[in-house]
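Subject: Structure for you to look at

Hello,

Here is the structure I said I would pass on. Please open it beside this email and follow along as you read.

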Amino acid sequence: MNSTSDSSARGRPISYKDSGVDIEKKYSAVDRATEAIRATFTKGVVGDIGAFGGLFDLERAGVGKGMLVASADGVGTKLEVAKRARVYHTVGRDLVNHCINDILVQGARPLFFLDYIAVGTMVPAIVSELIRGCADGCRESSVALLGGETAEMPGLYAPGDFDLAGFIIGIVEPARLLDASRVVPGHVVLGLASAGLHTNGYSLARKILFDALGLTTDSRPRELGGVSVGEALLAEHRSYYKLLWPLLEQNRIAAMAHITGGGLVDNMPRVLGANDAVLDRNSWTVPPLFRYLCEAGQVDAEERYQVLNMGIGMTLIVDPAHEAAVRSHLEGAGEAVWRLGRIEAGSGIVRWSR
């Protein structure tokens, strides 16, 4: 089935809440549990809740040297697209790459990964593909797939349903930890391209494409430039590890933000401290998939930058003195680099210059 944005959702705009996801309730749930979480903190815990990865100082805990960085995540409702398309091997790579990026932004080198797969009914052909995807992602970044768990839970999951989550541990020297303390007014913000939605915003995308427009994973609307809906939605979550690690070793980057759920609006503040990121929404080219989703779903102009990555998968905060060297490395690797804006004194938010 072909479609254009003229055959769009029409009627009222479609929001993330309409698709069944309430971001504010998620934040409220974490806020309610904050004191219980803090009560578990032992001597090794560094920082507080809200960073991309949790920090544990081995020396402070009296058990070794270095600082461990840990993160957990899932693939979300991208799994529903995988089920519709009957493509199961890519979401494992998505998961591993997402987790790697989440600790990379704190300067950590990933060490090992664990996966968790829950199913309603065991289908070996599907589960083996999920695990293979995780193994492929780990191997590509020299990360050990150290273990995991596969659980069959009829009654909790319907037949054919499955979930996939992952847990990663990395290490960083305390002196090389990237955080908001390194960010100062005058730094520039550079953006690197995403490969697509990565692993966020799929509830909204499915609501627009499948429910409102009536498309299937095989549909090829002209707005997507020849690729199918399934191909566009299953584009793999990029790992930026190999690309950015040389720059981290050269101490060229002050801070980074992985642009996942919450978009630029919610992820940039995690590394800003008391500063603001002043960004220009016209400074990069928004890919066709995002334009199609936002136009067809009439997604609110502000919400789209909080729900979707809008084509930016990673941001780098860089001293202007290092910008040329950073650009040279990235562009030499074939990477498009956009200067999104600058850092100014403020209150730790994203502000739009236009």
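**Helix 4 and its neighbours**

Helix 4 packs against helix 5 (residues 124–140) at an angle of about 45°, and their axes are 6 Å apart. The two helices are therefore oblique to each other. Their crossing is right-handed. Please keep in mind that this is a predicted model.

On the helix 4 side, the residues that meet helix 5 are V91, G92, R93, L95 and V96. On the helix 5 side they are L130, G133, C134, D136, G137, C138 and E140. By type, the residues of this contact divide into six nonpolar, three polar and three charged.

Helix 4 also packs against helix 8 (residues 241–249), here at an angle of about 15° and with the axes 11 Å apart. Angles under 35 degrees count as roughly parallel, so helix 4 is roughly parallel to helix 8. This crossing is left-handed. I100, N101 and L104 of helix 4 meet Y241, L244, W245 and L248 of helix 8. The residues of this contact are six nonpolar and one polar, with no charged ones.

In both cases I gave an angle and a distance, because two packed helices are described by the angle between their axes and the distance between the axes.

- Strand 1 and strand 2 (residues 54–57) run antiparallel and are joined by two bridges. V46 is opposite L55 of strand 2.
- Strand 2 and strand 3 run antiparallel and are joined by four bridges. D57 has M67 of strand 3 as its bridge partner.
- Strand 3 and strand 6 run antiparallel and are joined by eight bridges. G74 is opposite A165 of strand 6.

As background, the strands of a sheet pair through backbone hydrogen bonds, either parallel or antiparallel.

Another open sheet of six strands has the order 8-10-7-11-9-12, and its pairing is mixed. Which strands are at its edges? They are strand 8 (255–258) and strand 12, each of which pairs on one side only. Neighbouring strands in this sheet are turned by 30° against each other on average, with direction ignored.

Within this sheet, strand 7 (residues 188–193) and strand 11 (residues 337–345) run antiparallel, with five bridges between them. V189 has G341 of strand 11 as its bridge partner.

**Aromatic pairs**

How many aromatic pairs does the structure hold? There are four. One of them is Y305 with W352, a tilted pair with 5.1 Å centre to centre and 55° between the planes. This pair links distant parts of the chain, 47 residues apart: Y305 is in helix 11 (residues 304–307) and W352 is in strand 12 (residues 350–352). Strand 12 is also an edge strand of the sheet just described.

Regards

Technical notes: Residues numbered from 1 in each chain as written. Predicted model: local features only at pLDDT ≥ 70, side-chain atom pairs only at ≥ 80, totals over all residues. Heavy atoms only, no water. Pairing = 2+ DSSP bridges. Axes fitted to C-alpha atoms, helices over the stretch in contact; angles between N-to-C directions. Parallel < 35°, antiparallel > 145°, perpendicular 65-115°, else oblique. Left-handed = near helix turned anticlockwise from the far one by under 90°. Contact = heavy atoms within 4.5 Å. Nonpolar A, V, L, I, M, F, W, Y, C, P; charged D, E, K, R; others polar. Phe/Tyr/Trp six-rings, centres within 6.5 Å; stacked < 30°, edge-to-face > 60°.
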